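Good morning, and thank you for the time.

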Amino acid sequence: MARNITYREALNEALAQEMERDETVIVMGEDNAGGAGSPGEQDAWGGVLGVTKGLYHMFPGRVLDTPISESAFIGAAIGAATAGLRPVAELMFVDFMGVCFDQIYNQAAKFRYMFGGKAVTPVVIRTMYGAGLRAAAQHSQCLYPLFTHIPGLKVVLPATPYDAKGLLIQAIRDDDPVIFFEHKALYDLTGPVPEESYALPFGEANVVREGGDVTIVTLGRMVHTSLSAAEELARGGVQCEVIDLRTTSPLDEDTVLESVEGTGRLVVVDEAHPRCNIATDISALVARKAFGALRAPIEMVAAPHTPVPFSSALEDIYIPDAQRVVNAVKTVTGWSR
Amino acid sequence: MTDDRIVPVTMPKWGLSMQLGKVTSWIVAEGDEVGVGDELADIETEKITGTLEAADAGTVRRIVAGVGEDVPVSGTIALIAPAEVGDDALDDAVAQARAVIDAGVPDDADGVAEVQTADVGGRKISYAGAGTDGDVILLVHGYGGDRNSWLFLQEPLAAKYQVYALDLPGHGTSAKDVGDGTLGVLAEAVTGVLDALGAARAHLVGHSLGGAVALAVAAGDPGRIASLTLIAPAGFGADINVGYLRGFADAATRRELKPVLSQLFADESLVTRQLVDDLLAYKRLDGVDAALHALLDTLLDGDAQRADSAAPLAAIGDAVPVTVVWGGADRVIPAAQAEAVAGAVRHVIDGAGHMPHMERPSEVQAAIEETIARAG
């Protein structure tokens, strides 16, 4: 029975249901159980994001607080995964991932390959990304393109509460390392979510709006920005098809290509910096495999190639908004040789 | 006072949770003559797109609701009236209707219909009801369906009856465990819901697999079942579209599922993205895959039907009035099998597929009401 719950609650429910189903699932991270200033076992924080709240008492001994040492506890989670557990590690901000890159891209991502398929690494690293919370340059980046670049990692970015639950369950059941991106601005978003457990397959994009004039490919928080733009454009008679990639690795190429073959026009909307991001990746895909279908040059909407500003006025301008998407769509629909 | 010669065309309630709908296109224009059953407008809800048929004959004098405008359920969207009714009276009626539309959904409107649950043999069975008076009708969906399959029928029937629809084990929001998956397990769920309702007697309407289930229930306790309306029931011949059944059970993606679903309907445009997405979301719930495959063994023996509905039908004898409704263009179970339903009143609906209760609900409603009338 579906009821409306928040993105945060959907993630919590996914963790609880998987921990209930499979006792090898554990949760670990900074302040996941208690946290600084709390008496520890009181479960005061549930992580800085509040996602793991309540799990400590439901699953004694399986929700672990870690020191503020990302390289240590991400390494521990990856090691535990190779030894038979299914750890879900919470790395507060993706911006801090840098100190654990060896564990992630040189170890976890390589084990299955280098051990001839005999080793699996079923670890999930949940992390928060994106701008908009006045958290400045070191706590606001997107960085999912970095992980999408690395073979052996799966990269997931749910945009809705329904997807958040189903994709996190799939991430936990998956035998490969998964980097699970949660946008700060989405935690309070509500939507219908079944009470029952369910897994959404990776590599399946979601067509969140159908339309025949322009294809908008997007992901994460930008799905909602793109939908606002599509709604405004529809009032002017331009019908956009909005595709939420849901996972960047694996990537659902077919859904993107089939849509562009129908519309002949592509706008890619990505909150990450504009160089080597998902927008450039999708643009290259379409330029190579659907060139004949294109009736206008591809447009990309992305953040600027600068750090995320701390100034609230500048940060607001920095984040791609619906107006920029509308303008990009008008560029591709108005283009002529 | 509104002139009582003015007959309103109202926004229908398709599904117990529907509060708003919008006209996506008007098929008729002001001045058109319409007969009962004529198509008036295409209507879209959060869940489904359908065509509204005229419940009354006459001249469409005014169209009230614009295309794309949200209208609360039962709000007036057009007016039918004879030529003698003057413009002033019509303008008054339009103004009243506009006020209702502009007010939106009233705060005290029924929310999402209360879903009830019964514990039947350790399984949670979900069901939902509409209507407060009259005989009890229980609607039993088919393979892979759920209680929402009846969205075009449940509310209209509720004007005269207490109409319940359940989710069989393995379906909807009921428990996904189907045990050995036999008809007996499914029939037990139906009986369990009747018990929970305190219904000593009820009319059963069963579609496809649900038809075979309804027959099993009736054969087990004929005195409890007042009438049976079977829509494209399973078990009256060997032929069945195994490609459809296995395809439905095995489909894991939208691309795999959509062509399978198109075989359900005569009009394939009824297979909307929303329908495919809803079914995919259901199929991805834990336990559903196992349930659907277990039930496949109940439906199929090799490439033929396993269920034998003739035996329970014979066991019931003449005690219970039976009607069979079939879509003439059914591509899942051939309509010719209607001939094998001994002693039944038969309705074959030309141009409908395996889902006549969604494709031609008013004709199915008439068949159900006629069957109930025969029960006396």
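Predicted model: local features only at pLDDT ≥ 70, side-chain atom pairs only at ≥ 80, totals over all residues.

Domain 1 and domain 2 of chain A have C-alpha centres that lie 27 Å apart. According to the domain assignment, domain 1 of chain A covers 2–194 and domain 2 of chain A covers 206–334. Their contact draws on 25 residues from domain 1 of chain A and 23 residues from domain 2 of chain A. On the domain 1 side of chain A, at least two residues each are supplied by α6 (144–148), β6 (154–156), α7 (161–173) and β7 (178–183). The residues of that side comprise 16 nonpolar, six polar and three charged.

How does its length compare with expectation? Which residues of α10(A) are buried? They are I278(A), A279(A), I282(A), S283(A) and V286(A). Because these residues cover an arc of only 135° around the axis, they sit on the same side of α10(A). In general, an α-helix has 3.6 residues a turn, so residues three or four places apart point the same way. The face of α10(A) turned away from the buried side carries the exposed residues A284(A) and R288(A). The buried residues of α10(A) pack against several elements of chain A, including α6, α9 (253–263), β13 (266–270) and β14 (299–302).

Let me move to the nonpolar cores. The largest has 196 residues, and those with the most contacts inside it are V267(A), V329(A), L138(B), L166(B), V190(B) and V213(B). Apart from that core lies another, of 22 residues, among them V9(B), L40(B), I80(B) and A97(B).

Finally, a residue of chain B. Where is D167(B) found? D167(B) belongs to the loop between β12 (162–166) and α3 (183–197) of chain B. Is D167(B) buried or exposed? D167(B) is buried, because 27 other C-beta atoms lie within 10 Å, where 20 or more are required. Not counting residues up to four places away in sequence, D167(B) touches I125(B), S126(B), D146(B), R147(B), G172(B), T173(B) and S174(B). By contrast, G68(B) is 99 residues from D167(B) in sequence and 33 Å away in space, C-alpha to C-alpha.

Conventions. Residues numbered from 1 in each chain as written. Chains lettered and ligands numbered in written order. Core = buried A, V, L, I, M, F, W, Y, C linked by C-beta atoms within 7 Å. Buried ≥ 20, exposed ≤ 12 C-beta atoms within 10 Å, placed from the backbone. Domains from an automatic or database assignment. Contact = placed C-beta atoms within 7 Å. Helix = DSSP H or I, 4+ residues; strand = E, 2+ residues; numbered from the N terminus. Nonpolar A, V, L, I, M, F, W, Y, C, P; charged D, E, K, R; others polar. Arc of directions from axis to C-beta.
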